[in-house]
2 protein chains.
Amino acid sequence: MRLDRHSSIPLYAQLRELIVERIQDEVYKQGERIPSEMTFCEELGLSRPTVRQAIAELVSDGILEIQKGRGTFVAVEPDRLSIPHFNALTFSFLNLSSYEDIGLQPVQHVDPEAEIDTAFKVTTDKHPGYWMLQWPVLFDERIYGWCTSYVSAQVFPDLGQNIASGKRMIDIKSNKYAYLPVKGSVALMARPARNREAALLEIPRRSIVLAAQGQLFGRNGAVCEYIRTALRPDLLKLEIN
Amino acid sequence: MRLDRHSSIPLYAQLRELIVERIQDEVYKQGERIPSEMTFCEELGLSRPTVRQAIAELVSDGILEIQKGRGTFVAVEPDRLSIPHFNALTFSFLNLSSYEDIGLQPVQHVDPEAEIDTAFKVTTDKHPGYWMLQWPVLFDERIYGWCTSYVSAQVFPDLGQNIASGKRMIDIKSNKYAYLPVKGSVALMARPARNREAALLEIPRRSIVLAAQGQLFGRNGAVCEYIRTALRPDLLKLEIN
């Protein structure tokens, strides 16, 4: 990329893009100092205010950062939390061996509802509905995502009461082996956050989240769980093997 | 959500959020008509200009759409292209059985480079470098993503020439079975597009892409390919099984 003095794009904006490109190409590396304003002026034949404005905008974007008395540095992107061996069962409730450590929210009962009935391939609305389970993806007290899971109240009629009374997962699952997830079909996409997701994740409304959503199947082939997870795309990555 | 007349947020902005929430809750469903301006005025005790401004903004955001003479409708989100059975090998070059249909760009040779050497776990820069392969993820002539793959020029010394001369994949691969990918470790994340990715995908600079990036391993356990794929998050979803 070269600066174009005849372009309708102001020179400071061209310089800003040039610096971004050099960071992306690792000419200027994360955590390292970029050249001084004077160096840019001389290299590119620019005036001091032009260089200053480009750098000021990159600082306010968080791409560069000023360290007092030391100069201007390429900001270090925070390490992302890695979710290892990500697969369709990663955010399953029924696949957990225990629910004590996940920060489970109070379990709610939901009546039959079109979207969930469709996910469970249920064609009647004459059934006892679902249990809705919600818990955060937490690490070091920081919220990386929220998991929502629906479980059939027909198959697990007492799940809400069982959890409220502290029944252990192993007892909740006993005699239910045909209804525990062994595989799934989860769609992963980036999409604007729903308002409630944005509130839970503490991000601006309609900012992009990484969403994992789909059905989990038991050994008998029936849908046993429907999950809908919203993840902070800026804070984590999913390791696919 | 209720409207709050004492809030510092203007009523039209509150109404806009209320409508968005009702769409997300499927009170107003995709492709269906929303109530008339008068109905909102009466239900919520709002003036006509307030309702009109909220709706106008949602139309300009693409959340609602006006169908002339018919009313205002909830816009239908386009179906996303689904990439089935997504796994670490989905965007591998060496895993392809043929490269004829993928729209492969001219193959470039790249000299040893820190980022790629690290990915290949190569600790010396005394080696013949890499072949860089690039091709679009195309469907119905629409670009959904760009794949970049690096292959060792030490293991495949003639890959560039072989492809330029139209050698078949089966012949390129013969006698190389130990160096063909059988598993991988790919990190999937949403992040701002690099400038070049944004240009290839024809999206605004620094908009969010879904990136799949990582190493693929051959039967001998060594890294045989390094991939870096940028996908349009608004146009596709990855099916994880």
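## A tour from loop to axis

Start by selecting Asp140(A), which is found in the loop between strand S5 (130-139) and strand S6 (142-152) of chain A. Helices (H or I, at least four residues) and strands (E, at least two) are DSSP runs, numbered from the N terminus. This is a predicted model, in which local features need pLDDT of at least 70, side-chain atom pairs count only at pLDDT 80 or more, and totals for chains, interfaces and linings use all residues. Residues are numbered from 1 along each chain as its sequence is written, chains are lettered from A and ligands numbered from 1 in the order in which they are written, and side-chain values use heavy atoms, with hydrogens and water left out.

Stay on Asp140(A). Its phi is near 55°, a positive value in a residue other than glycine. Asp140(A) is exposed, with a relative accessible area of 70%. Here buried means under 20% relative accessible area, exposed over 50%, and partly exposed in between (1.4 Å probe, protein chains only).

Next, select Glu202(A). Look in the loop between helix H7 (195-201) and strand S8 (208-218) of chain A. Phi of Glu202(A) is positive too, near 60°. Glu202(A) is exposed, at 65% relative accessible area.

Now the cysteines. A search of the whole structure finds 0 disulfides over all chains; a disulfide is a pair of cysteine sulfur atoms within 2.5 Å. For Cys147(A), the nearest cysteine sulfur is that of Cys224(A), 16 Å away. Cys147(A) counts as buried, at 0% relative accessibility. Cys41(A) counts as buried as well, at 10%.

Move to chain B and select helix H2 (residues 37-44). Phe40(B), Cys41(B) and Leu44(B) are buried there. Look down the axis of H2(B): its buried residues fall within an arc of 100°, so they line one face of the helix. That arc is taken from the directions from the helix axis to the C-beta atoms. Helix H1 (11-24) and helix H3 (48-60) of chain B are among what covers these buried residues. Just after H2(B), Gly45(B) takes a positive phi of about 65°.

Zoom out to chain A. Its domain assignment gives domain 1 (11-74) and domain 2 (81-238); such bounds come from an automatic or database assignment. Their C-alpha centres lie 45 Å apart.

Finally, show both chains. Chain A can be laid on chain B with an RMSD of 0.1 Å, by a turn of 180° and a shift of 0.0 Å along the axis. The two copies are thus related as by a two-fold rotation axis. Copies are superposed by least squares on the C-alpha atoms of residues with pLDDT of at least 70 in both. Finish at Ala190(A): of the residues of chain A, its C-alpha comes closest to the rotation axis, at 3.5 Å.

Conventions. Contact = heavy atoms within 4.5 Å.
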